[in-house]
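Hi,

Here is the structure I said I would pass on to you.

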Amino acid sequence: MKLLYHYTSIDGLLGMLKDCSKDNPYITMWATHSMFLNDPTEYKCGKDVCKRALLEVEDELEIDENKRISKSLYNDKKIKSNELSDFIYSTIPEKIEWGFPYIISLSRSRDSLPMWNTYAHKGQGIALGFNKYSLQKESNIDIKDCCYDDISDKKFVQLYTEIKEQFRKLYGNWDNVVEANIQELIYASNDLKLRDYYLVIKHKGYKYEKETRCFATKKKNEESKDVILYRNSNNMIVPYIERKINISCLNEIFIGPCANKDRMKYSLTMLLKDKVKDLKRINIESSDIPYLG
């Protein structure tokens, strides 16, 4: 059973479980607008990697300088225009899948000291362990593993090769391409969705996070019921939307290294007993990291 972990503070946990009960078995999680995550190179790093791959392909294929897609795709005016469109769409609940996505961040790392420090109140919080396969059945989220811009990482090399192959395919169909529809080919075709790459490629400095992302989507064939909400984070107004995750997806709660572990285990059990029909299926464990905070 593969678990993905969401590191959070105790206040964060209480907020998630506020409306949860045996009759309403859902955890409320916040999906944050991707422009307001903690990595200032978010989106830009993935874009730079894709640009690098495209330039390599154009050099390898010896494409004439005046016919290079890169000159159109990475034109500053078009970049700003596309980003503005993505931003505008991300403010309209019915069109959230067209713009910058809203993201719930999880980690493939069960007991990471940097994660405890950064996201779980300096080791005094907890990490919620969700069953990946159960989460994938949720109809209004889409799960993707992040990849880090590091040539020593096999996963990154594989993804980079995939990106280059997509550009080669586009040039293979060059006779059918005209200037007016390059953007459509890049952003809307089934063969080349650069935005998907932009949002899963991260700076290698964040490699320790081993991040997996849950992208908020709409339920198929249904009107969006999302509402754009706002919270304060370090004096920044941060947009987010809520996602209800069935508590059956929660298989483990991992207590941080700086918490009072025995008392925390008792209080977590008390908290959950009125919210979970089968409490025994949720494993409550504690970090083994020797850390005083």
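Below is what I found when I went through it, starting with the overall picture and then going into the details.

Before anything else, keep in mind that this is a predicted model. The chain has 293 residues, and 46% of them count as buried. If you trace the C-alpha atoms, the chain spans about 70 × 45 × 40 Å along its principal axes. As for secondary structure, you can pick out 10 helices and 12 strands.

**The largest pocket**

A handy idea to start with: rolling a probe the size of a water molecule over the atoms shows where empty space is left. In this structure, the largest pocket holds about 1,200 Å³ of space. Its lining is made of 38 residues, and those nearest the centre are His 6, Trp 30, Thr 32, Tyr 119 and Arg 231. Quite a few elements give two or more residues to that lining, among them strand S1 (3-8), helix H1 (10-17), strand S2 (26-33) and helix H5 (113-119).

**The loop between S2 and H2**

One is Met 35, which lies between S2 and helix H2 (44-60). Together with Leu 84, Phe 87 and Ile 88, Met 35 makes a nonpolar surface patch of about 370 Å². Is Met 35 buried, partly exposed or exposed? With a relative accessibility of 45%, Met 35 counts as partly exposed.

The other is Tyr 43, which has its place in that loop between S2 and H2 too. Tyr 43 is not a glycine, yet its phi is positive, at about 80 degrees. Tyr 43 is also buried, because its relative accessible area is 8% and the cut-off for buried is under 20%.

Lys 122 is another residue other than glycine with a positive phi, this time near 55 degrees. Look for Lys 122 in the loop between H5 and strand S4 (126-131). Is Lys 122 buried or exposed? Lys 122 has 54% relative accessibility, so it counts as exposed, the cut-off for that being over 50%.

**Salt bridges**

Side chains of opposite charge can pair when their charged atoms come close. A search of the whole structure turns up 22 salt bridges, and here are a few to look at.

- Arg 68 and Glu 65 have side chains that meet at 3.9 Å, N to O. Arg 68 is buried, with a relative accessible area of 12%, whereas Glu 65 is partly exposed at 45%.
- Asp 145 pairs with Lys 155, and their closest N and O atoms are 3.8 Å apart. Asp 145 sits in strand S5 (residues 141-145) and Lys 155 in helix H7 (residues 154-172), so this pair ties together parts that are 10 residues apart in sequence. Both partners are partly exposed: Asp 145 has a relative accessible area of 26%, and Lys 155 has 38%.
- Arg 168 and Glu 165 also meet in a salt bridge, at 3.9 Å from N to O. These two are three residues apart in helix H7, which means that about one helical turn separates them. Arg 168 is partly exposed, with a relative accessible area of 29%, and Glu 165 is partly exposed at 40%.

There is a network to find as well: Glu 42, Lys 202, Glu 209, Glu 211 and Arg 213 are joined by salt bridges that share partners.

**One more stop on H7**

While you are looking at helix H7, find Leu 159, which belongs to it. Leu 159 is buried, with a relative accessible area of 14%. How far apart are the C-alpha atoms of Leu 159 and Ile 201? They are separated by 9.2 Å, although the two residues are 42 residues apart along the chain.

Enjoy exploring!

How values were computed:
Residues numbered from 1 in each chain as written. Heavy atoms only, no water. 1 Å grid on protein atoms, 1.4 Å probe; cavity = no way out; pocket = protein on both sides within 12 Å on 5 of 7 lines; lining within 4 Å. Points joined across faces, edges and corners; volume = space filled by probe spheres on them. Helix = DSSP H or I, 4+ residues; strand = E, 2+ residues; numbered from the N terminus. Patch = residues over 30% accessible without salt bridge, like charges linked within 9 Å, V, L, I, M, F, W, Y side chains within 5 Å. Areas by Shrake-Rupley, 256 points an atom, 1.4 Å probe, with all protein chains shown as cover. Salt bridge = Lys/Arg side-chain N within 4 Å of Asp/Glu carboxyl O. Buried < 20%, exposed > 50% of the residue type's maximum accessible area, 1.4 Å probe, protein only.
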